[in-house]
Amino acid sequence: MIAGDNGAVHWSLVVPLKPLALAKSRLSEATGGAMRPRFALAFAQDTVSRALSCRTVRDVVVVTDDPLAAAELTALGARVVPDSPGAGLNAALAHGAAEVRARRPAAALAALNADLPALRPDELERVLAMARQFPRAFLADAAGIGTTFLSAAPGTELRPAFGGHSRHRHLASGAVEIELDGVESIRRDVDTGDDLRAALALGVGPRTAARCATAPAAWGS
């Protein structure tokens, strides 16, 4: 594995992002249709910026065809690659992983959701430290149904199976479930208004907070 002077593994993260006009459709009821793409971008910006500030993250590769998201996330320091497969979430993740390994065949890599606006770098560091112990490992979402994080050690394929009841699929594929307390910010993906309220309670990043400040009073602030 690629390690720094202190022996910590330096990870490459792959973050998939739909075109903003199509992202977060279930959030429309809470935010309104016009605001939904702006929230999707804010979530991604906060996720990527905080991930990049994690001490054991070397780089973040975002897979997206959205030109605005590409420009904004590049400005934060991410490397953006187009979703050339155009075949859905898991194909995009596999493509991103291949892009990472094309440059660094021995890279430790992990897929990370783009909708983790409450992500805390220290919690991500703990998840990555646990993941380094296994060939493949994953973290279930807050509901215990889906997945927000999937890792692959050097020489191991990512084999993503995100979407819906992905926790079960990742378990069945042989990935080890990471069971840690105190990493709620990495589990808290946002698909609905209730999810966003839960993320706000954890403490979201500045871009999501700014969007909520301009949204209807549904956020209770």
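**The annotated binding site**

Modeller: This is a predicted model. Within it, Thr147 belongs to strand β6, which covers residues 147–152.

Biologist: Which residues does UniProt list for "binding site"?

Modeller: The annotation comes from an unreviewed UniProt entry.

Biologist: Is Thr147 buried or exposed?

Modeller: The relative accessible area of Thr147 is 5%. Buried means under 20%, so Thr147 with its 5% is classed as buried.

Biologist: What is the length of the polar contact that joins the side chains of Thr147 and Ser166?

Modeller: Beyond its neighbours within four places in sequence, Thr147 is in contact with several residues, including Asn113, Phe138, Asp141, His170 and Ser166. With Ser166, the side chain of Thr147 forms a polar contact of 2.8 Å.

Biologist: Where does Gly163 lie, and which residues is Gly163 in contact with, leaving aside its neighbours within four places in sequence?

Modeller: Gly163 is located in the loop between β6 and α6 (166–172). Its relative accessibility is 36%, and Gly163 therefore counts as partly exposed. Leaving aside neighbours within four places in sequence, the contacts of Gly163 are with Leu89 and Arg169.

Key:
Residues numbered from 1 in each chain as written. Predicted model: local features only at pLDDT ≥ 70, side-chain atom pairs only at ≥ 80, totals over all residues. Heavy atoms only, no water. UniProt positions renumbered as here; feature names shortened; annotations may be inferred. Helix = DSSP H or I, 4+ residues; strand = E, 2+ residues; numbered from the N terminus. Buried < 20%, exposed > 50% of the residue type's maximum accessible area, 1.4 Å probe, protein only. Contact = heavy atoms within 4.5 Å. Polar contact = N/O pair within 3.5 Å; in protein donor to acceptor, adjacent residues only side chain to side chain.
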